[in-house]
Every structure is written in C-alpha cells, then in structure tokens.
Amino acid sequence: MLSNTQLALRKALNIYPSWSALSVTIRAQCLQRWAELLPKQLTVECVDSLVIKMIEYQSSRAIELISQAQIMTGPTGEINELSTAGRGVFLIAAEREVPLTAIVGFISCALVAGNTILLSLAERESLADRLCSSLMAAGLSESIVTTVNYREVDSVINKSTIAGVVFMGDQSKAVNIKKDLACREGAIAPLIVETDLLRLTTLLDSYLLLRFITEKTQTINVTAIGGNATLMALGCGD
C-alpha cells in the first residue's frame, strides 16, 4: 500500500500536465483569486499587505516574462516558436521560523510557472493545510498543491520524479539537501534556497521565475516547399 506521501506525489505528477498546459494568463488569474481570498482563509496567521503584493508580483512577472511565445525565424526559412512549461513537481519545504511572505511567494512563483507542489512546513502543518484549502477555494484542484510531513522531506528529495526543490531555512540544512540531490539517480534537479529570512534576497530576484520553467521549441520547416531540395540533401553524405 502506498504511503500518504507517495499518494500525494502520484497525484501531483498526474495533474501536472493539465496544469502546465493552461496559459500563463489563466494561472495568474487563479493566483489573483487566491490573493483576494487568502486574508479570509488564514484568520489565525497575520496576512499583511506584503503577502498579497508578493502573489501579485510573481503573477505580473510571469505575464511579462513567459506569457507570450517568441517567434524566431531560422537561417533556412523555418519558423521556431519558443515557449515555456513548468518543470514538474516541486517540493517546497520551510523551517519553523520562515515568514509567511516567503512561503506564499515561492508557492506563487512555482504555480504560475506551471508546476505542481508538495508543500512541507516544519511544525506548521495546520498552516500548510489552510494554504492548500485556500488554493482550492480559489479554484485549484486539490492535487496541484498537497502537503507532506516535514519528517518526510529527505525521502521525498530522493525521488527521481521530483523536478526541483525549494528550501527556506538554515544554511546547514540547505547544504545537506544539495548533497542529497547530487547523489540521487535521474535528472539533475534545481535547488532554490532562501536563507536570508529578513531581506528575502532570493525571492525578490526579478528573474526568479526562470528557475522554475523549462523551454519548449516548436519548429515548422518549410524549406523544401518550392523545390529547394538542395538544403535537405546537405547532410546526407552524397
């Protein structure tokens, strides 16, 4: 029988393609609804204006950076369309003292880029649950962001299906996570670390979003139309 963590990961993997396939604009609109609902959903936590502004900031950066595909004409006449997609399932883990602004900011950045999330907050399981509930109230499926116990973080990191890790907290813990990622099998996963819990220097990087995406290229080759067969024969060895 699968554990709760394994089930959460399977659900996040299954729903990732449909979430990533949505346009950046639609994902940003979902986050805007989340920003409107969050103060009502987190009645215990202090949701100040900075938390709401962080959601809006990450959404606006996504609209600016990745909402439009770029058209690049190739040297032989083909058309290359460059767009982006999420990387997959991100683990977002935070230690007890991490401010809500940082947690919400990284969730927003990962989601608007097209990723699904496993969320793990040390000694703040109720907050993690309420964040997930608030996202569902904003219209997101329950599998897009699900919680895992903080004690399971190390085992989750070792799963080759985890596409990336966000860690907020102590530098020594971040170093251990980096070592674990380096030793695991499968593709190399990015590690995004925030250890400056006062200034949030990583989170406030205006190009942070680009660490959560992968690029896609669609090529339409029309060089042979019109009889230009010489170009097609260049690599045949004759």
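Predicted model: local features only at pLDDT ≥ 70, side-chain atom pairs only at ≥ 80, totals over all residues.
Leaving aside residues up to four places away in sequence, Ser-108 touches Leu-31, Trp-34, Ile-55 and Gln-58. Ser-108 belongs to helix α4, residues 100-112. Its relative accessibility is 0%, so Ser-108 counts as buried.

Now zoom out to the whole protein chain. Colouring by secondary structure gives seven helices and eight strands. Of the 238 residues in the chain, 46% are buried. The accessible surface of the chain is about 12,100 Å², and carbon and sulfur atoms account for 53% of it. For contacts between residues at least 6 apart in sequence, 78% join residues at least 24 apart.

Next, select helix α3, residues 49-66, and display Arg-61 and Glu-64, which both lie in it. They are three residues apart, about one turn of the helix. Their side chains meet in a salt bridge, with an N to O distance of 2.5 Å. The charged end of Arg-61 sits over the Tyr-207 ring, 5.2 Å from the ring centre.

The count of salt bridges in the model comes to three. For another of them, select Asp-154 and Lys-173, whose side chains meet at 3.1 Å, N to O. This pair links distant parts of the chain: Asp-154 is in helix α6 (residues 153-157) and Lys-173 in helix α7 (residues 171-183), 19 residues apart. Asp-154 has a relative accessible area of 36% and is therefore partly exposed.

Then go to Asp-196 and Arg-199, where a salt bridge joins the side chains at 2.8 Å, N to O. Asp-196 is buried, with a relative accessible area of 15%, while Arg-199 is exposed at 59%.

Move along to Leu-200, in the loop between β7 and β8. Most residues other than glycine have a negative phi. Leu-200 counts as buried because its relative accessibility is 7%.

Compare this with Glu-123, which is not a glycine either and has a positive phi of about 60°. Glu-123 lies in the loop between β4 (116-121) and α5 (125-137). Is Glu-123 buried or exposed? Its relative accessibility is 65%, so Glu-123 counts as exposed.

For the aromatic rings, select Phe-90 and Phe-212. The structure holds one aromatic pair. Phe-90 and Phe-212 form this pair, with the ring centres 4.8 Å apart and 40° between the planes, a tilted arrangement. Phe-90 lies in strand β3 (residues 89-94) and Phe-212 in the loop between β7 (191-194) and β8 (213-220), so the pair ties together parts that are 122 residues apart in sequence. Both Phe-90 and Phe-212 are buried.

Finish on the surface. Select Ile-71, Ile-79 and Ile-220, which form a nonpolar patch there. Together these residues have about 270 Å² of accessible area. Ile-71 can be found in strand β1, residues 70-73. Ile-71 counts as exposed because its relative accessible area is 55%, over the cut-off of 50%.

Definitions and conventions:
Residues numbered from 1 in each chain as written. Heavy atoms only, no water. Patch = residues over 30% accessible without salt bridge, like charges linked within 9 Å, V, L, I, M, F, W, Y side chains within 5 Å. Areas by Shrake-Rupley, 256 points an atom, 1.4 Å probe, with all protein chains shown as cover. Salt bridge = Lys/Arg side-chain N within 4 Å of Asp/Glu carboxyl O. Helix = DSSP H or I, 4+ residues; strand = E, 2+ residues; numbered from the N terminus. Buried < 20%, exposed > 50% of the residue type's maximum accessible area, 1.4 Å probe, protein only. Phe/Tyr/Trp six-rings, centres within 6.5 Å; stacked < 30°, edge-to-face > 60°. Lys NZ or Arg CZ within 6 Å of the ring centre and 35° of its normal. Contact = heavy atoms within 4.5 Å.
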